[in-house]
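Subject: Model for your files

Dear colleague,

Please find the sequence and coordinates below. My notes on the fold follow.

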Amino acid sequence: MSLTVIVCTGPVCGDRRGSGKLIEHLRVRVLARGLEGRVVVREEVCLGHCLRGPNILVGDQVEEASGRAVLYNHMTIEDVDRVVERHLVGGMAVRALTNLLPIPSSPPKPRPR
Ligand code: FES
């Protein structure tokens, strides 16, 4: 199974909270652990959870499509190391770094007036 790791580089996570260094570190760790064949790292402009940033979303294609991917919040370099070892290598989400809220797979519906 291949996993996609999406690092938010939006205005809050990237510009204000420096997620650029997280994605650089993540790419180095993925290569160092030999995961480049089954882990894709990419950037997204905003994951919709700005107050909890920097945010990183991890999931396979099915999990992403179903909204069951794991959203990691308030990420640090040390947290990235934990996610690489426990989630990407070990296959277990690091629940201590998540808010456990489901990720919406579609935009919220407008409220009736
Ligand atoms: S800028 Fe990162 S979740 Fe919005």
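The protein chain holds four helices and four strands (DSSP runs, H or I of at least four residues for helices and E of at least two for strands, numbered from the N terminus). This is a predicted model: local features need pLDDT of at least 70, side-chain atom pairs count only at pLDDT 80 or more, and totals for chains, interfaces and linings use all residues. Residues are numbered from 1 along each chain as its sequence is written.

From the N terminus on, the order of elements is β-α-α-β-β-α-β-α. The four strands make an open sheet of mixed pairing, in the order β2-β1-β3-β4; two strands count as paired if DSSP finds at least two bridges between them. β2 and β4 (70-72) are the edge strands, each pairing on one side only. From one strand to the next the twist averages 20° (axes are lines fitted to C-alpha atoms, for helices over the stretch in contact, with angles from 0 to 180 degrees between N-to-C directions).

Helix α4 (residues 77-89) packs on this sheet and touches β1, β2, β3 and β4; contact means C-beta atoms, placed from the backbone, within 7 Å. The direction of α4 makes about 5° with that of β3.

Strand β1 (residues 3-8) is largely enclosed by the rest of the structure, because five of its six residues are buried (20 or more other C-beta atoms within 10 Å of the residue's own, C-beta atoms being placed from the backbone). Six bridges join β1 to β2 (residues 39-44) in parallel, with T4 opposite V40. Four bridges join β1 to β3 (residues 56-59), antiparallel; here V5 stands opposite V58, and T4 has G59 as its bridge partner.

Regards

Definitions and conventions: A residue is buried if 20 or more other C-beta atoms lie within 10 Å of its own, exposed if 12 or fewer, and partly exposed in between; C-beta atoms are placed from the backbone. Two residues are in contact if their C-beta atoms, placed from the backbone, lie within 7 Å.
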